[in-house]
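Thank you all for coming. Please have a look at the sequence and the model on the screen, and then I will walk you through a few parts of it.

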Amino acid sequence: MFNYKSKRLGKVVGATVVLLGMVVSTPAWAVPVERDLYVTDSQSGNIFAITPTKAITILVSEADILAATGATTARFTDNGVYYDQANDKLYFTDSESDAVLVWDGATGIVSVVASAADIELAVPGNDSASPEHITMRDGMLYVTDPRSDTLLKIDAATGVVTVVTDEVTFEGVAADGLDVDIESGIAVSPDGTKIYVAHDEDRTSDTAGAIYEVDLLTGTPTLLSDDSRFSDLDVFLTLAPNGDIIIANDSGSTGDQIFRVTPGGIVSGFLSELELEGLVGGDVNLEGGIIFDDFGNFYIAEENTDNIYRWLVDDFSAGTIDVSSGALFVSENDVASLFSLSGIDYEGGITFGRASIKRDVPEPASMALLGFGLLGLGLARRRRK
């Protein structure tokens with residue numbers, strides 16, 4: 001009897017230790033939370049922060065950017081943004097200075113990580129840089145440069161720029177060795193070993209666009225999909241919660257629609273042009289960013305209306321949304337009127353940043369109390385027996 005009770009107590013204590021270990025070892029930024037949405041506005045040159053309750057502030061002003069770049073204006077045309085949750089830093093690119101920049105959340109200061117000149121020096125034969133889409137892995141920024149059609153790696157700490165994959169290498173795996181146009185969004189694969197990057201349609205030969213996966217260690221690209229429906233991929237892509245690629249197709253021969261692409265290269269529809277136009281109330285323009293929040297809800301910054309729309313999650317593990325749940329999240333007027341702007345122009349990326357309000361996740365203190373409660377329950381049951 002004593003051995004039996006001891007085993008039961010051991011199981012309770014063991015479960016409690018595991019639970020408490022989860023509390024201690026899980027980093028704060030890995031816990032799903034409500035986050036502020038960061039949105040780039042090409043018209044004002046500002047980056048706005050929108051809380052889950054739709055309070056809007058200017059996170060990064062055009063003046064902040066100009067102080068760092070020395071340019072006369074800031075602009076976000078197909079420019080990406082990436083938020084480093086671990087270090088509270090926002091990385092982004094700017095079409096006017098053609099620089100890669102960072103906003104430091106601790107100081108509020110914007111600085112240049114890599115200038116256009118730094119990028120030009122790193123790419124042989126490239127006399128002008130145009131960094132656009134951006135992501136991050138292990139302290140390294142990965143950036144597309146459509147002017148040289150290369151994938152670059154930039155050390156976030158030192159600003160050193162190197163080429164991961166050049167144009168010739170991309171063309172070596174393109175259909176029939178056709179010219180590539182590397183100006184779509186990028187994302188790191190769920191296992192952290194690959195970068196997904198797309199090239200736009202080859203208009204001269206009317207050949208469809210394509211999605212590649214690039215090995216981060218070797219820079220070797222592999223053709224993931226060159227589906228015939230890819231007619232205008234010069235905008236954004238993101239990852240669904242299940243790891244599928246969600247990529248926007250902006251007009252072209254197949255119209256404005258959003259596709260799902262599995263890591264195995266299988267293509268299917270995610271949001272059709274008809275579904276998008278039914279929500280927007282007219283023609284749509286997918287030049288703006290797309291993103292999922294921590295809970296699997298999906299957001300679009302739509303460029304025609306310059307509104308932000310949201311769809312609610314359907315099945316998180318499958319990476320699906322409730323197509324019928326699409327609704328206006330924040331309108332152009334909500335932002336423009338607040339800051340006395342003539343209008344908004346969403347042509348750049350969006351991302352989720354700082355944590356705001358936790359939801360559906362126990363607080364660490366509550367989890368710890370639960371663990372101790374289980375331990376106490378086990379001891380009490382042992383005494384009764």
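**A strand, its neighbours and what surrounds them**

When I say strand or helix, I mean a DSSP run, numbered from the N terminus, with at least two residues of type E for a strand and at least four of type H or I for a helix, and two strands are said to pair if DSSP finds at least two bridges between them. This is a predicted model, in which local features need pLDDT of at least 70 and side-chain atom pairs count only at pLDDT 80 or more, while totals for chains, interfaces and linings use all residues. Residues are numbered from 1 along each chain as its sequence is written, and side-chain values use heavy atoms, with hydrogens and water left out.

Within this pairing, V261 has V267 as its bridge partner in β19. The two strands β18 and β19 form a hairpin with five residues between them, and in that turn G265 has a positive phi of about 95°. β18 also pairs with strand β17, residues 245–249, in the antiparallel sense over five bridges, and there the partner of I245 is V261.

Is strand β18 largely enclosed or open to the outside? Five of the five residues of β18, which covers 257–261, are buried, so the strand is largely enclosed by the rest of the structure; buried here means under 20% relative accessible area, exposed means over 50%, and partly exposed lies in between, using a 1.4 Å probe and protein chains only. Both faces are covered, with Q257, F259 and V261 buried on one side and I258 and R260 buried on the other.

**The core**

In soluble globular proteins, nonpolar side chains tend to be buried together. In this model the largest nonpolar core has 19 residues, and I258, L271 and F298 touch the most other members. Such a core is a set of buried Ala, Val, Leu, Ile, Met, Phe, Trp, Tyr and Cys residues joined through side-chain atoms within 4.5 Å. The elements β17, β19, α5, β20, β21 and β22 each supply at least two residues of this core. If we leave aside its neighbours within four places in sequence, L271 is in contact, meaning heavy atoms within 4.5 Å, with Q257, I258, L276, F298, I300, W311, I321 and V323.

**Charged pairs**

How many salt bridges are there in the model? The count comes to six, where a salt bridge is a side-chain nitrogen of Lys or Arg within 4 Å of a carboxyl oxygen of Asp or Glu. One of them joins R35 and D294, at 3.1 Å from N to O. R35 lies in strand β1 (residues 35–41) and D294 in the loop between β20 and β21, so the pair ties together parts that are 259 residues apart in sequence. R35 counts as buried at 6% relative accessibility, whereas D294 is partly exposed at 24%.

Another joins D88 and R354, at 2.7 Å from N to O. D88 sits in the loop between β4 (81–84) and β5 (89–94), and R354 in strand β26, 266 residues apart. D88 is buried, with a relative accessible area of 18%, and R354 is partly exposed at 31%.
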